[in-house]
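Take a look at the model below. Then read the report beside it.

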Amino acid sequence: MNKIGLPIAVGCFALVPFFAGDFYINLGSQMMIAAIFALSLNLLAGYGGLTTLGHAAFLGLSAYFVAWLTTRLGLSHATAALLSIVGTTICAALFGLIALRASGLGFLMITLALSQVLWGLAYRWVSVTNGDNGMTGVTRPMPFGFSIESASAFYWFALTVTTIAFAMIAIFVTSAFGASLKGTRDQSRRMAALGYNVWLIRWITFIYAGFWAGVAGILYVYYNKYIHPSSLSITSSAEGLLGVIAGGSGTLVGPVVGSILVTFLKNYVSSYIDRWNMLLGFVFMFIVIMMPNGIVPGVRRLARHFKGTHR
Amino acid sequence: MQTHFWIIQSLNSLALGGLLFLLASGFSLIFGLMRIANLTHGAFFMLGAYFGATALRSFSWINLWAAAIGSGALVALIGGLLERFVLRKLGNNPQGQVLVTLGLSFIISDACLVTWGGDPIPVPTPRMLQPPTILFGYAFPTYRLVLIGCAVVVAIALYLLLERTRLGAMIRAGVDDAQMTRAVGIRISRLFTVVFCLGAGVAGAGGVLGGPILSAYPGLDGDMLPLALIVVILGGVGSLGGAFLGSFLISFTYTFGSALLPDLAYVILFLPMIIVIAFRPQGLFGRQSA
């Protein structure tokens with residue numbers, strides 16, 4: 001997406017609350033939270049070639065931080081959000097230290113194991129997390145004095161954050177650093193031979209991705225006003241990864257498109273049957289087998305094809 | 001009383017370790033030979049437990065051992081189909097293979113929920129093994145002792161299979177250098193199917209054998225898979241000895257962690273993993289890094 005495309009897209013999205021009902025506005029908010037999460041996951045899975053199955057750990061962790069700090073310690077929203085994001089980023093740095101001892105499938109297994117540990121902690125450490133009952137009573141903040149209680153106000157708030165996240169991630173991947181990240185994905189040995197510190201590039205990306213997953217987590221807990229261990233589960237990580245792969249990993253717009261689709265599917269299907277996990281499994285297998293490159297690269301290839309024939 | 005606590009907890013650890021070995025050995029072999037992180041493995045374990053529980057419930061003439069072998073065979077068949085018709089299509093796309101096994105694990109666990117409902121289904125302990133065994137003046141649950149024996153028998157059988165048979169020699173060759181193995185005329189694709197069936201079958205049988213302790217319940221797959229992952233990361237992929245040692249390390253950590261610090265057992269669980277990864281990324285017995 002270029003410099004003109006982004007403002008136009010944001011402008012179009014900003015108009016949605018004027019003609020859509022509350023159900024669809026809320027759906028839009030959920031889509032944007034999922035999009036930030038998928039964008040951050042895409043940094044690792046798409047641009048870094050480091051498929052993780054534990055990314056939801058950071059989303060859930062920051063959400064739990066906010067819930068715990070505001071409801072148990074009674075901190076203000078600003079302080080809680082700040083501490084939460086700092087805590088989540090530190091945790092990402094620690095997890096990165098461990099997980100980046102390996103790459104490829106080993107990395108995937110370690111991230112999965114680490115996130116399962118946090119998930120287990122959320123379930124069992126009842127005195128802090130309230131276990132399976134989840135934490136309730138989270139309120140929404142008043143950024144700059146505006147209330148974001150209504151569906152459309154929250155939607156605009158989420159849109160603002162999503163736009164910032166998208167722009168920041170776009171800057172990250174198009175920068176020289178982003179180019180070196182793609183280099184470590186495609187030719188890690190050659191990059192090392194050229195004098196790049198492959199490990200450090202990956203670690204910084206891991207931390208940055210953890211940071212944005214934390215931002216998604218804060219939005220998530222504001223939106224739901226509730227947090228449950230299932231938010232950290234492998235299903236949650238897999239949903240994000242499905243968004244990335246379905247849309248097109250390693251592209252900027254792909255994860256947004258993919259997570260919009262996944263969120264839509266999840267909400268649409270849940271209103272008819274409650275077999276979301278099974279459907280998620282089938283969609284997962286279908287996407288991986290049938291269109292491993294995702295939707296956005298597919299569409300782009302089509303567009304290039306048409307341009308080619310017109311010339 | 002204090003000694004009793006330690007002894008009983010150690011026995012529980014050994015029994016859990018045996019179960020973990022049944023789960024992790026197959027995972028490790030599959031990973032070592034095929035470079036596939038089979039995330040369906042936990043679901044295979046759970047599927048085995050449900051098959052066994054159902055068989056024991058429906059037919060009074062079946063005993064636990066027959067149920068374990070039967071479910072193991074059934075799960076092995078499912079594993080074989082998965083390998084032959086799905087994973088092979090994704091040939092040299094390891095990421096795609098992992099994601100497909102993940103998708104399948106979601107499907108299986110949801111299908112189990114639909115079929116068997118949300119309540120745990122107990123697997124009865126065989127009547128013969130119900131009375132406790134008295135050893136050195138302490139009463140031990142007999143079934144757990146037998147379970148440890150089972151795990152040791154399976155471990156020895158797998159060891160002999162890998163080290164002393166022609167098939168095992170081919171598998172070891174495949175783990176070391178798949179291309180070279182193929183070049184000397186060994187049909188590695190058939191080897192893949194055999195190993196996948198074997199791993200799935202042992203996991204399925206493990207689910208039944210674990211039944212009297214764990215029972216069959218929704219979420220069993222999600223509880224067991226991370227443990228298997230940690231065991232394999234700890235022990236080193238493709239190594240039977242690593243899986244064996246890793247299983248008992250993890251089971252002791254987990255059991256004593258749960259007993260002494262119940263809130264934080266899950267965190268303590270991954271301490272050994274972190275320490276090992278920090279100093280030996282390839283795991284205790286691994287020759288290649290994962």
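## About the model

This is a predicted model, where local features need pLDDT of at least 70, side-chain atom pairs count only at pLDDT 80 or more, and totals for chains, interfaces and linings use all residues. Residues are numbered from 1 along each chain as its sequence is written, while chains are lettered from A and ligands numbered from 1 in the order in which they are written.

## Chain B

Chain B has twelve helices and two strands. Helices (H or I, at least four residues) and strands (E, at least two) are DSSP runs, numbered from the N terminus. From the N terminus on, the order is α-α-α-α-β-β-α-α-α-α-α-α-α-α. The radius of gyration of chain B, taken over C-alpha atoms, is 19 Å, close to the 19 Å that the globule rule gives for 290 residues, so chain B is as compact as a globular protein of that length. The globule rule is 2.2 Å times the number of residues to the power 0.38.

The C-alpha atoms of chain B fill a box of roughly 60 × 45 × 35 Å along the principal axes. Of the 290 residues in chain B, 52% are buried. A residue is buried if 20 or more other C-beta atoms, placed from the backbone, lie within 10 Å of its own.

## Helix α7 of chain A

Does the span of α7(A) agree or disagree with its 24 residues? At 1.5 Å a residue, α7(A) should span 34 Å, and its end C-alpha atoms are 34 Å apart, which agrees. The expected span is 1.5 Å times one less than the number of residues.

Buried residues of α7(A) include Phe154(A), Ala158(A), Ala165(A) and Ile169(A). The buried residues of α7(A) pack against α1, α2, α8 and α10 of chain A.

## α7 meets α10

The axes of α7(A) and α10(A) come within 11 Å and cross at roughly 175°. That makes α7(A) roughly antiparallel to α10(A); the term covers angles over 145 degrees. Axes are lines fitted to C-alpha atoms over the stretch in contact, and angles run from 0 to 180 degrees between N-to-C directions.

Among the residues that meet are Phe154(A) and Val161(A) in α7(A), and Tyr208(A) and Trp212(A) in α10(A). The residues of this contact divide into eleven nonpolar, no polar and no charged. Ala, Val, Leu, Ile, Met, Phe, Trp, Tyr, Cys and Pro count as nonpolar, Asp, Glu, Lys and Arg as charged, and the others, Gly among them, as polar.

## Where the chains touch

The contact takes 33 residues from chain A and 34 residues from chain B. Two residues are in contact if their C-beta atoms, placed from the backbone, lie within 7 Å. On the chain A side, α5(A) gives the largest share, 13 residues.

Technical notes
Parallel < 35°, antiparallel > 145°, perpendicular 65-115°, else oblique. Buried ≥ 20, exposed ≤ 12 C-beta atoms within 10 Å, placed from the backbone.
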